[in-house]
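Please read the following report with the sequence and the structure side by side, and look up each residue as it is named.

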Amino acid sequence: MSKKTFRIAAIAGDGIGKEVMPEGLRVLDAAARRYGIGLDIVEIEWASCDYYAAHGQMMPDDWKQQLQGVDAIFFGAVGWPATVPDHVSLWGSLLKFRREFDQYINLRPVRLFDGVPCPLAGRKPGDIDYLVVRENTEGEYTSLGGIMYEGTDREIVIQESVYSRHGADRVLKYAYELANRSRRKRLTVATKSNGIAISMPWWDKRAEAVGQDYPDVSVDKQHIDILSARFVLQPDRFDVVVASNLFGDILSDLGPATTGTIGLAPSANLNPDRKFPSLFEPVHGSAPDIHGQNIANPVAMIWSAALMLDFLTESQGAGRAAHDAIVQAIEAAIVQGPRTRDLGGQASTTEMGKAIAERVAQG
Ligand code: NAI
Ligand code: MG
């Protein structure tokens with residue numbers, strides 16, 4: 001049987017990115033060995049503020065060529081605001097990947113684990129378990145607009161939102177597919193068609209049109225304001241949630257916040273067409289306040305590794321099994337320890353990573 005080897009670019013970035021990356025790679029390696037998945041890891045130093053300090057830019061000019069043939073990017077965190085302004089580090093690296101690799105899906109699983117205190121009163125594992133699908137390339141986030149009469153009392157500013165049928169349909173289709181494969185087959189479409197009276201009624205219509213192909217999926221259209229309230233009050237209502245760029249950005253921080261520490265939340269920036277590499281990263285940043293102490297929680301990085309294996313193998317066979325084994329090992333480590341401080345324990349980043357890798361290795 002011929003086995004495909006996946007080529008992965010591992011970019012640690014800055015701060016705790018450099019501390020959680022080794023644990024992500026440790027668990028990836030354990031999973032690849034246990035489930036017979038071929039991985040070729042290329043470790044990359046650029047896309048970091050250290051590289052910026054030496055070269056005056058975040059990435060080499062030929063970054064795209066260097067990533068040619070890579071199946072996925074496994075990314076730590078970027079940002080060191082003490083020396084490089086955040087908009088420079090982010091736009092010079094991560095946002096280039098998202099845009100130039102057309103990673104039009106931002107996927108964030110939201111799940112309450114056993115053993116993690118929930119900020120929402122009375123919630124238990126199983127009550128919060130859904131996926132947020134955010135459009136990642138257009139919508140409210142554009143560079144179209146400008147300021148006129150700046151500095152005078154006639155000053156005006158315009159920033160356009162842009163939705164395309166191409167852009168909306170592909171993210172909606174992706175979300176319907178996910179919902180169709182989920183146990184509850186429920187899709188929530190975030191909208192604001194009562195207030196944003198041109199683009200959002202159009203978005204709702206696209207959701208209806210794309211939904212024609214998915215008769216088994218039950219669709220629940222909700223205005224973003226009450227939808228946000230329900231993330232807090234009735235999280236058990238949700239299965240798959242799809243939203244435009246801005247609404248999805250907010251929902252995908254609110255959701256993970258309701259499940260405890262940010263140290264757990266993973267994310268995927270996907271190019272589902274597989275024309276370009278997709279990128280898998282923790283939701284958190286480089287956490288300058290705790291870096292260098294080996295106390296960061298490595299779970300978000302490790303869970304991102306599981307999402308990567310699942311995507312690379314199209315949720316089939318060994319990749320799916322490896323994904324499930326990693327998530328189960330995370331679940332066990334959170335309940336039984338060793339746990340990092342943000343989870344109320346005393347373990348180091350390395351100890352928690354090793355414990356999860358050992359569980360994965362044992363299957
Ligand atoms: P942050 O996520 O780095 O930190 C927020 C808070 O959460 C801090 O108190 C931190 O100690 C804590 N925290 C984060 N990850 C943790 C973990 N794994 N275990 C335990 N505690 C954890 O966000 P902040 O402080 O706003 O940004 C710091 C830098 O990171 C900035 O330069 C920012 O631009 C960058 N950033 C990069 C992101 C990325 O690479 N995708 C995402 C978010 C921020
Ligand atoms: Mg955000």
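Predicted model: local features only at pLDDT ≥ 70, side-chain atom pairs only at ≥ 80, totals over all residues.

## Strand β1 and its two partners

Strand β1 (residues 5–13) and strand β2 (residues 38–44) run parallel and are joined by seven bridges; helices (H or I, at least four residues) and strands (E, at least two) are here DSSP runs, numbered from the N terminus, and two strands are said to pair if DSSP finds at least two bridges between them. Within this pairing, F6 stands opposite L39 in β2, and I8 stands opposite I41 in that strand. β1 is also joined to strand β3 (residues 72–77), again in parallel, by five bridges, and here A10 stands opposite F74.

Together with helix α1 (residues 17–35), strands β1 and β2 make a right-handed β-α-β unit. The crossover counts as right-handed if, with the strands pointing away from the viewer, the path from the first strand over the helix to the second runs clockwise.

Residues are numbered from 1 along each chain as its sequence is written, and chains are lettered from A and ligands numbered from 1 in the order in which they are written.

## The surroundings of ligand 1

Ligand 1 is surrounded by 22 residues, and the closest are G79, G263, H284, G285 and N297; a residue is near a molecule or strand if its C-beta atom, placed from the backbone, lies within 6 Å of it. This shell divides into twelve nonpolar, six polar and four charged residues, where Ala, Val, Leu, Ile, Met, Phe, Trp, Tyr, Cys and Pro count as nonpolar, Asp, Glu, Lys and Arg as charged, and the others, Gly among them, as polar.

In α6, the residues A168, V171, L172, Y174, A175, Y176 and A179 are buried. A residue is called buried if 20 or more other C-beta atoms lie within 10 Å of its own, exposed if 12 or fewer, and partly exposed in between, with C-beta atoms placed from the backbone. An α-helix has 3.6 residues a turn, so residues three or four places apart point the same way. The elements that cover the buried residues of α6 include β4 (105–111), β5 (129–135), β8 (186–191), α7 (199–211) and β10 (240–243).

Strand β10 is covered on both faces, with V240 and V242 buried on one side and V241 and A243 buried on the other. It pairs in the parallel sense with β5 over four bridges, where R134 has A243 as its bridge partner. With β8, strand β10 pairs in the parallel sense over three bridges, and there L187 has V240 as its bridge partner.

## Two residues of helix α7

D204 lies in helix α7 and counts as partly exposed because it has 15 C-beta neighbours inside 10 Å. Leaving aside neighbours within four places in sequence, D204 is in contact with T191, S193 and K221, where contact means that the C-beta atoms, placed from the backbone, lie within 7 Å. D204 and K221 are 17 residues apart in sequence, and their C-alpha atoms are 7.8 Å apart in space.

E208 is also found in helix α7, and it is exposed, with 12 other C-beta atoms within 10 Å. E208 and M308 are 100 residues apart in sequence and 30 Å apart in space, C-alpha to C-alpha.

## Backbone features in the loops

Most residues other than glycine have a negative phi, and most peptide bonds are trans. A47, however, has a positive phi of about 60° although it is not a glycine; A47 is placed in the loop between β2 and α2 (49–55), and it counts as buried because it has 27 C-beta neighbours inside 10 Å. R274 has a positive phi near 65° and is likewise not a glycine. R274 is placed in the loop between β11 (266–270) and β12 (278–282), and with 12 C-beta neighbours inside 10 Å it counts as exposed.

A cis peptide bond, with omega about 0°, joins G337 and P338, and P338 is placed in the loop between α11 (317–336) and α12 (349–362).

Terms used
Contact = placed C-beta atoms within 7 Å.
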